[in-house]
Amino acid sequence: MKRIVGMLLIAILLLPLLLLHVSVGESQDTTVRVRLSTGDADTVSVSLSGKYSVGGTAVTGGTVTASLKNGTITVKHSSKGTLKTAADSVRLVRVGTSADTVLTFQNAKHGERVYYGDFVFYNDGGILRVINYVDMHHYLYGVVSGEMSESSKADLLKVETITAKGFALAEVESRASKYFDVYDTTQSQLYYGYVKEDKNTIAAVDAVWDQTLRFEGKTVKTYYSTADGGQIITPRIRWGGTANAGAYWFGYDPFDLAGSAKNTVFTVRGDAPKEADAALYAFLLEKTSAKEIVSIDVLTGLYDPDSPNGTARYPSTLAPQTRYDWTLTIKDSAGKKKQVSFSCTPAELKTAIAPSASGTVCFAVRTAQKEWKLVWGVSSGHRTGLSHRGAKEMVKQGYSYVDVLKFYYRGATLYDANGKAITSNATFAFTYEDGATATPTPSPTPTPKPTAAPTPAPSDPGLPKVDHLVIVTANSLNFRQGPSASTALLGTLKLGTILSVFSESDGWLYVRDDSTGKVGYVSATYASYYERDPKVYREGICNADDSNIRTGPSTNFTKLYSIDKGNPLYVYYLSGKWYYVMDRNTGQGAFIWKDYVTLGSDAPTVLTGDANGDGKVDVTDASLILRYLVRLSKLKDARLLASDVQTDGTIDASDASKLLRRLVGLE
């Protein structure tokens, strides 16, 4: 009986949220729920123009005031008094259909703004939120007004319309169980409401708002940034994961570079080295002790010299690069011609030829058979997908909005409202390496490569399947032949070494050192869980000033920088007493002491309580948490956040109790 009553109570509690998903008085396309910036005020006022309704009571004009006090939302009208009170939410519904039926609201971030659609006043754990329920068409008016200048060319405004739509649609889908879809700030996209003076923006949105970029039948979540510094990167490189991977590409962006004088670019002509910058030619002479540079045969920039072939997530040519390898034909002091090779760092080269360059996206890229670019590009944002600066330059050069989308979302296709593909005839030299021309002949005296043995595959004979990865947290960790301190040493492992774990028993891990291929045992005390491509678990915020961000889950690891209270974070997983996080301001992935992070109320993208990661919460999860507490089973650190049902940073009996009570319908 208690279970039935509990389930009925849950249904009653959920009903208001389900009702909020129904778009009343709006057009039939997708409704976007935008959380407006209120500065966490407990009272807000909204001016009405036209006819609206609250709880069935119609009001025309005047002012509506919503306040939250003692857990109750009260909504009053300037002439009709109290319209409704509720514990969870109250909706102000747009009834009038004229273009002048709008709401005016003093936005804490954007000033006084005008909005189409409905307002929902929502109780978010004692904080009053204002959610604008608006159809996609009118939402795009507000985003394009926020993200782009009204003076922008029409094709650029159309590009922004389609990319903003793709991002918003993805957010609507991913946040379907929450009370809002997007913020009105750069946490999502800048949203200014309805700016009727922006005639060019409105015309551009009207022209293309129902067009959509798709990849393999799905809408592309269209990431964009202000500037990529000359190199586009994929979402996989930036954040991990493979969603929409084929829609994006990694490569050289000459349009972004051409769009700003702040970028520094040197052209290196292999068959005409003397035509290069004088300081660069002098640098090459000094490095090779040459009398004359006859030709530049090979120039290769490497992101990680210890892994010259790179990986899907970390290509060898990813910027900023850490080493340049050169092969040149020279004449020595005796006038004899010969081929020589040398390496240098971008910092060393910058000092010699570009001391005033401000760009941090540094890389070398081959753009023709015997031509390279040395770049110090200035980026702004995450560099993924479309560059606003590059798109602006493309439109300036005469490319259409369809051409721009084709360049930046190389694998995607643009469709109109009837499902017909909209194509572009433009062609681009993405990079020289994309062409069919053979690469230059390798130098006879190549730069030495690492001599480490190749990493054995998990399916090597005699080896079990890899269960997970760990990172060494001691400055020097003994690597042994067996699971005991009395067994022979295979060597020592340095801080930060990544190990593949086959199994764990009695405090010892059976592992493989992927850098050497050696298999042995290490103490579990000095190795912590690690994920190369973690998925986002939940949102968090730094709660203390000068909180250190480190490369690993221990104070032994290098401090990257410090962040202050209020800095937003994505929290991926718990590793001992450290969270692996991504700084949402910088995109940097690293570790922070868990006590310095408060987990956000915008719950995880995985289910809270889903301890085994199967996508549902049931008695199996409760059993696993209980067995974990009495040490009869283990929980991988990647699942610990989901098991923290109380969301207090620890896994204890209260979590198991809360989950069991939830399952039987008592809460």
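Phe-363 counts as buried, at 2% relative accessibility; buried means under 20% relative accessible area, with a 1.4 Å probe and protein chains only. Colleagues, this is a predicted model, in which local features need pLDDT of at least 70, side-chain atom pairs count only at pLDDT 80 or more, and totals for chains, interfaces and linings use all residues. Residues are numbered from 1 along each chain as its sequence is written, and side-chain values use heavy atoms, with hydrogens and water left out.

I begin with the rings. Rings of Phe, Tyr and Trp (its six-membered ring) pair if their centres lie within 6.5 Å; planes under 30 degrees apart count as stacked, over 60 as edge-to-face and the rest as tilted. By this rule there are 30 aromatic pairs. In one of them, Tyr-223 and Tyr-248, the centres are 6.4 Å apart and the planes stand at 45°, so the pair is tilted. Tyr-223 is in the loop between strand 15 (218-219) and strand 16 (224-225), and Tyr-248 is in the loop between helix 5 (235-239) and strand 19 (251-252), so the pair ties together parts 25 residues apart in sequence. Helices (H or I, at least four residues) and strands (E, at least two) are DSSP runs, numbered from the N terminus. Both Tyr-223 and Tyr-248 are buried.

The ring of Phe-363 pairs with that of Tyr-252: the centres are 6.3 Å apart and the planes at 70°, so this pair is edge-to-face. Tyr-252 lies in strand 19 and Phe-363 in strand 24 (residues 361-368), so parts 111 residues apart in sequence are tied together. Tyr-252 is buried as well, with a relative accessible area of 9%.

Next, the cores. A nonpolar core is a set of buried Ala, Val, Leu, Ile, Met, Phe, Trp, Tyr and Cys residues joined through side-chain atoms within 4.5 Å. The largest has 90 residues, and among those touching the most other members are Val-75, Phe-119 and Tyr-139. Helix 3 (residues 154-174) gives this core its largest share, nine residues. Phe-119 and Tyr-139 also belong to one aromatic cluster, together with Phe-105, Tyr-115 and Tyr-191.

Which strands make up the open sheet of four? The order is 15-14-28-29, with antiparallel pairing; two strands pair if DSSP finds at least two bridges between them. Strand 15 and strand 29 (421-422) are the edge strands, each pairing on one side only. Strand 14 (residues 212-215) and strand 15 are joined over two bridges, and Phe-215 has Lys-218 as its bridge partner in strand 15.

Definitions and conventions: Buried < 20%, exposed > 50% of the residue type's maximum accessible area, 1.4 Å probe, protein only.
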